[in-house]
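Please open the structure in your viewer and follow the stops below in order.

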Amino acid sequence: NKEEFQCIGCGAVIQTENPSEAGYLPASALAKGMDDGNFYCQRCFRLRHYNELQDLTIDDDVFLEKLSAISEDEDALIINVVDIFDVEGSLINGLRRFVGNQPIVVAANKFDLLPKVTKENRVKHWLKQVLHQNGLQAEDVFLISANKKHTLEPLIELIKKAVLSKNIYIVGVTNVGKSTLINQLIAYFGGEKEIITTSNHPGTTLDMIRIPLTEEHAIVDTPGIVHRTQLAHYLNRDEIKTLLPTKPLKPMTFQLNPDQTIFIGAAARVDFTRGKRASFTYYVSKDATLHRTKTEGAEEFYLKHRGELLSPPFKDTLENFPELVSRTIQLKPDYDVAISGLGWFTVNEPVEIVIWTPKGVALSIREAII
Ligand code: GDP
């Protein structure tokens, strides 16, 4: 029988196997502290000593169960961090149901990646629509860049006000920038002083970390949820770097005739099926290869070159990549076709297109945001 220890910070059971799960402590550190049996898990240790929060991941069903505890016995504000490039992919199914009537605000992160000329009000309008379609009534939407302090001011103002009467829960799926945001908030609110981690109901709020701002209320960081419909979920580290934008997008325009096709790596394909000669402008990561070919041979071309000339995804991850499924769209100018996680494109003439996207990855048509 192995002896069980609990982290004295967050209450999680100490384990030495999985660094990305709650209660992780390297075996060497466990051995060292055996005498008094008082352990901080690595995550709490870092938070205490370096005011730095490590990411922790969890499956969504486990997470939602934990969240449902909030709805009953306290006043709370939920801040849901989403990735502005993958809004659909970063939504948490059932969030509204699990938090009851608690107010939710959405912080749409990575706004810095959109071209400078992007119209903020149109982005907000579109965001609210997507949230609404997905059953998430948000009180407000903030466009932020977690890595740029000055963009956080309105959100920080909201937090300052809300924390006088309630706890603030920060929720989000992995890779949306939740840790980056939390670390900014810690720096802002914590300053130089040590932030104490405590668990208010030991045993029930395992792996939720409290960052107290007042005597009574705190910002609570919740574990990042691993989300299966996120495009990032199907890619390896290198591919994520290549395909998901990390620098502001630069538009790339193609003059196309009907019966021509554009591939976005091997991750998506757009066939121009009907209309006058038109320009298609793509806003995707500058490292994603855009390739033009004739629609007639496109299928064969795809089968032959995917994973190589057409990449990412590359050869070794293609196997796990969802199949591409098609949809016909009548597209007007002044609208964007946004592929969740990848980017979007626009046209300057009305056209008919057939668009192929990975099964399960959301597609949305919105008023152009530029
Ligand atoms: P978490 O998994 O939600 O905690 O996400 P992280 O904070 O680890 O961030 C995920 C990725 O997004 C990292 O590569 C970050 O550098 C990047 N990221 C986070 N915030 C921003 C932002 O405001 N702008 C941009 N461009 N990238 C960001």
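The model is predicted.

**The sheet.** Select the strands first. Six of them, in the order β4-β3-β2-β5-β7-β6, make up an open sheet with mixed pairing. At its edges are β4 (140-143) and β6 (209-212), each of which pairs on one side only. From one strand to the next, the twist averages 25°.

**A parallel pair.** Next, select β2 (residues 76-83) together with β5 (residues 167-171). These two strands run parallel and are joined by 5 bridges. To view one of these positions, select Ile 79, whose bridge partner in β5 is Ile 170.

**The ligand.** Finally, select the ligand and its shell. Which residues come nearest to the ligand? Of the 16 residues around it, these are Asp 112, Ala 146, Asn 175, Ser 179 and Thr 180. The shell comprises 4 nonpolar, 8 polar and 4 charged residues. Helix α8 (residues 178-190) supplies the largest share, 3 residues.

- Ser 179: an N or O atom of the side chain, at 2.4 Å.
- Thr 180: a polar side-chain atom, at 2.5 Å.
- Ala 146: a polar backbone atom, at 2.8 Å.

On its own, the ligand has 580 Å² of accessible area, of which the protein covers 74%.

Definitions and conventions
Residues numbered from 1 in each chain as written. Predicted model: local features only at pLDDT ≥ 70, side-chain atom pairs only at ≥ 80, totals over all residues. Heavy atoms only, no water. Near = heavy atom within 4 Å. Polar contact = N/O pair within 3.5 Å; in protein donor to acceptor, adjacent residues only side chain to side chain. Areas by Shrake-Rupley, 256 points an atom, 1.4 Å probe, with all protein chains shown as cover. Helix = DSSP H or I, 4+ residues; strand = E, 2+ residues; numbered from the N terminus. Nonpolar A, V, L, I, M, F, W, Y, C, P; charged D, E, K, R; others polar. Pairing = 2+ DSSP bridges. Axes fitted to C-alpha atoms, helices over the stretch in contact; angles between N-to-C directions.
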